[in-house]
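Reader: Could you walk me through this model, one feature at a time? I would like the general idea first, and then the case at hand.

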Amino acid sequence: MSGRTDPGSVAGRPSAEELLRHGVRRRGENAFTEAERALRAAVDKARRDDQVRHDDQVRHDDQARRDDGLMAVRIRAQVELATLWRMRGDYRRAGLLFALTLPAAERTFGPRSVEVAALCNEWGVLGKYTGRFRQAEALYRRALEILEETRGPEHEDVATVCHNLGGLAHARGDHEAGEPWARRATRVRARLLGERHPRVAADLAAWAALVDGCGRPAEAEALLRKALAVSEAAYGPEHHDVAAALHNLAALAHRRGDLDEARARYTRALAVKDAVLGPGHPESAITLINLGALHRARRRPDQAEACYGRAVEALRRAAPDHPHLTAARRGLAAARAELPPADVEPRRRTAPTREETPS
């Protein structure tokens, strides 16, 4: 985006570009409230400055390029704001803002631009989290096609979209289709960054989940343990990537029947998610669902009910169409049906259903 920059601060007040940079930086530091305030201000300032210039009917070349720059800053700020809302679990607003921003990005940057690819990738992540899998795949594939054409097949941005396509296949339960995407993401990023880089560890963790789904649990566990060690060394014990590795290690232990280890790892994964994302975040739902299934296997329906109830509440508000919500509701009904009669009233009892497969 060379040449497309905001004209800068005026009278000591930050420019839209400066507000955008500040918002992105604070989001990376998990200061979400301050980040949202800065990103909203960036969008508003870029819009107002552009309108002022339009109203003044300035037409000479230098000013025209500045107008393009203000629109570019506004679009980037909207994408970052929508991404922030997705990270905070505000899926409805995030989806509306992505949909509003894409046509403007296509007009400003071109439909085959890396900026459009970045927007499509972020919107695809939202589609996965909300259960709109077909939409997510179409967005990811569009992003990948643009990036392979503009960046080349060995660029890290390509690795990111491959990682996401693998994760989408995992969410669909299509592990055989997803493993090549995860393997490619890991190979490309490891070549660029080195095998001990934390982003490579995230690729390893995602690949491990697919390897496990393909029936190779020992290989999956080795990948996960390596990913966890690298992530903890890079980020410390409280980070989203640490929680993801812990969850997947718990799922492996759960499937092989080691319920004590599985419970300890699920519990720690949930604690990290609550610390990083905040209690009630929809990304915690899958850990809660699996922990609920584990409590049912241990014949603790009261604890299972609490886990399933939290998962239902988180998903009902943020992603009412997500297939995990159906699993959570079935688990909740089954847990309530297993409670002693004195604990059930005044709840309505429901026949038990089959137990969810840990994922």
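Reader: Let's start with the rings. How many aromatic pairs does a search of the whole structure find?

Author: Rings of Phe, Tyr and Trp (its six-membered ring) pair if their centres lie within 6.5 Å; planes under 30 degrees apart count as stacked, over 60 as edge-to-face and the rest as tilted. Searching the whole structure gives 2 aromatic pairs. One of them is formed by F98 and W123, which are stacked, with 6.3 Å from centre to centre and 20 degrees between the planes. This pair links distant parts of the chain: F98 belongs to helix α4 (residues 91-109) and W123 to helix α5, 25 residues apart. Helices here are DSSP runs of H or I with at least four residues, strands are runs of E with at least two, and both are numbered from the N terminus.

Before we go on, a word on the source: this is a predicted model, in which local features need pLDDT of at least 70 and side-chain atom pairs count only at pLDDT 80 or more, while totals for chains, interfaces and linings use all residues. Residues are numbered from 1 along each chain as its sequence is written, and side-chain values use heavy atoms, with hydrogens and water left out.

Reader: Are F98 and W123 buried or exposed?

Author: Buried means under 20% relative accessible area, exposed means over 50%, and partly exposed lies in between (1.4 Å probe, protein chains only). Both F98 and W123 are buried. In α5, the buried residues include W123, L119, V125 and L126.

Reader: What span should helix α5 have?

Author: The expected span of a helix is 1.5 Å times one less than its number of residues. Helix α5 (residues 114-129) has 16 residues, so it should span 22 Å; its end C-alpha atoms are 23 Å apart, which agrees. Just after α5, G131 has a positive phi of about 80 degrees.

Reader: Now the charges. How many salt bridges are there?

Author: A salt bridge is a side-chain nitrogen of Lys or Arg within 4 Å of a carboxyl oxygen of Asp or Glu. By this rule the count is 44. One of them joins the side chains of D90 and R93, at 2.6 Å from N to O. D90 is partly exposed, at 23% relative accessible area, and R93 is partly exposed too, at 27%. A network of salt bridges links D90 and R93 with E36, R40 and R88.

Reader: Which ring does the charged end of R93 sit over?

Author: A charge sits over a ring if NZ of Lys or CZ of Arg is within 6 Å of the ring centre and within 35 degrees of the ring normal. The charged end of R93 sits over the ring of W85, 4.1 Å from its centre.

Reader: Which residue forms a salt bridge with R255?

Author: The partner is D212, and the closest N and O atoms of the two are 2.2 Å apart. The pair links distant parts of the chain, with R255 in helix α11 (residues 240-255) and D212 in helix α9 (residues 198-213), 43 residues apart. R255 is partly exposed at 39% relative accessible area, whereas D212 is buried at 13%.

Reader: And what does E221 touch?

Author: Contact means heavy atoms within 4.5 Å. Not counting residues up to four places away in sequence, E221 touches L249, L252 and R256. E221 lies in helix α10 (residues 217-235) and counts as buried, at 18% relative accessibility.

Reader: What is the secondary structure of the whole protein chain?

Author: It comes to 16 helices and 0 strands. Of the 359 residues, 51% count as buried.
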